[in-house]
Amino acid sequence: MALAKILWVDDEIESLQSQKLFLENKGYEVQTLTNGFDAIDFVKENLVDVVLLDETMPGITGLETLSKIKEIRQQLPVVLITKNETENVMDEAIGSQISDYLIKPVNPNQVLLSLKKIIDNRRLVAEKTTSAYQQEFRNLFMALNSNPNYNEWMDLYKKLVYWELEMEKSDSPEMREVFQAQKNEGNTEFFKFINRNYASWVNPKSTDAPIMSHTLFRYKIIPHLEKGKPLFMILIDNLRFDQWKSIQPIFAESFRIQEEETFYAIIPTATQYSRNAIFAGLMPLEIEKQFPSLWKNDEEEGGKNLHEEEFLKAQLKRLNKGDIKYSYTKVLNHQDGQKLVDNIHNLMQNDLNVIVYNFVDMLSHARTEMEVLKELASDETSYRSITASWFEHSPLHQALKKIAGKNLTLIVATDHGSVRVKTPYKVIGDKQTTTNLRYKHGRNLNYEARDVLAFRDPKEAGLPVPTVNSSFIFAKEDGYLCYPNNYSYYSNYYKNTFQHGGVSLEEMIVPIIRMSSK
């Protein structure tokens, strides 16, 4: 069976017989024609894998033939072969979505390389990916087991995300399984690491801690404020690092990425804790002390993230930036998004613009509730794909395109990530216990110590004490916490959904990206 069926269209095809033979000896089936009209008819009637198309032919030119072929079969790869190196011919050809471009006289190996690139690309990339990961596997294994510090953990997680995205190119289910096992092992080790170190990081006297939610503004936003150059900080709620990687190419069309970093979301990795900490520049325990009327605990009525602007104002003042012109915009729905698009030019007059965008978080919550979304975002790959599709067509993207090219700094960050949960753990608590699946707090919590990270005194984790004798517990790795009543219903209902609030690489190590206009 032939490797692929090639249609070669050239009015001087007789002089190319040796090339045709060369390709046939390599296993390709080659059909030849001498003009564009015949080529268009042939493509209508026959299946072809690639068209090699001469640009200058009598009757109908190669470019005209190309556009007709694309009307019939839009996805059919076409290689344009031309004597003409003028820029406008190249521009027109590329605009018409050619797959490759060869300059006459072509030698047989050039043609072969072009065909391999087009036809065998997926297979070659899959094989290369698999063998490259096999070589890297041992290095990752050693790194995971060499007691990494917090910076090394951030690097390790980036590497795991890199390989997770590379694995999408691999067609080997076995290698994907091996990778998944390695990522799980990463989360097991990371949980032990957080267990050992977290309390010391959030201790007010700590001198050695990573940048975390409550120190993000001080170290990663404020230093980039410049007079006369607006800084836009876009906080996309619940954006994992791999989801950032899926939208990065869309940003890269308009912006130059200057710094791609990560920081640690505080636990609970839930919006009301981590996002309030970002804007207040304080741990939740301190927020409650300084703003007793504004902080709400889980079980209290009312919205938990209604005072971010007040927290931000107080933090700017504390950091001696109280005199800057700033704006704070929260986008909770499409209508808010359209308002942002209409208003984005006015924001250029401010020194700092904070925009909180609440799509990905809605997606993960809705995914639990809606069967259709469970189908659409059934795993990490589809979750990334939905995120990219959303961003590309979102008002946020439209708004950013309107200011691309202006002299500004753009910082994209998030408050926490999420993890796909698979392992249910039983927890017993009283009526006051919270409903979150990745963390709980309450009195008289009963749980298996090995299943969770527990703080009997929430203050040790920088958290308020909601009621006397309340303790906090956090689910580890891919676990989720269920009560014994209706246990099998809830454990099945939530299995494989994306949740946050607990301790995992995906929830805690999250992106902060600094960009400038191109």
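Keep in mind that the model is predicted.

Start with helix α2, residues 36-45. Which of its residues are buried? They are G36, A39, I40, F42 and V43. These residues span an arc of only 165° around the axis, so they sit on the same side of α2. An α-helix has 3.6 residues a turn, so residues three or four places apart point the same way. What covers those buried residues of α2? The cover includes strands β1 (5-9), β2 (29-33) and β3 (50-54), plus helix α3 (62-72). Now look at the N-terminal end of α2, where N35 is the cap. A side-chain oxygen of N35 lies 3.1 Å from the backbone nitrogen of F37.

Next, the sheet. Six strands make up an open sheet with mixed pairing. Read the order as β7-β18-β10-β6-β9-β8. At the edges are β7 (255-264) and β8 (326-331), each pairing on one side only. From one strand to the next, the twist averages 15°. Zoom in on β8 and β9 (residues 352-357): they run parallel, joined by six bridges. In one of these strands, β9, V356 is the bridge partner of K330.

Two helices to point out here. Helix α13 packs on the sheet and touches β8 and β9, with its direction at about 155° to that of β8. Helix α18 (residues 395-403) also packs on the sheet. Its contacts are β6, β7, β9, β10 and β18, and its direction makes about 165° with that of β6.

Last stop, E300. Find it in the loop between α12 (284-290) and α13 (308-318). E300 has 34% relative accessibility, so it counts as partly exposed. P466 is 166 residues away along the chain, yet the C-alpha atoms of E300 and P466 are separated by 9.5 Å.

Conventions
Residues are numbered from 1 along each chain as its sequence is written. This is a predicted model: local features need pLDDT of at least 70, side-chain atom pairs count only at pLDDT 80 or more; totals for chains, interfaces and linings use all residues. Side-chain values use heavy atoms; hydrogens and water are left out. Buried means under 20% relative accessible area, exposed over 50%, partly exposed in between (1.4 Å probe, protein chains only). Helices (H or I, at least four residues) and strands (E, at least two) are DSSP runs, numbered from the N terminus. The arc is that of the directions from the helix axis to the C-beta atoms. Contact means heavy atoms within 4.5 Å. A polar contact is a pair of N or O atoms within 3.5 Å; within protein, one must be able to donate a hydrogen and the other to accept it, and residues adjacent in sequence count only if both atoms are side-chain atoms. Two strands pair if DSSP finds at least two bridges between them. Axes are lines fitted to C-alpha atoms, for helices over the stretch in contact, and angles run from 0 to 180 degrees between N-to-C directions.
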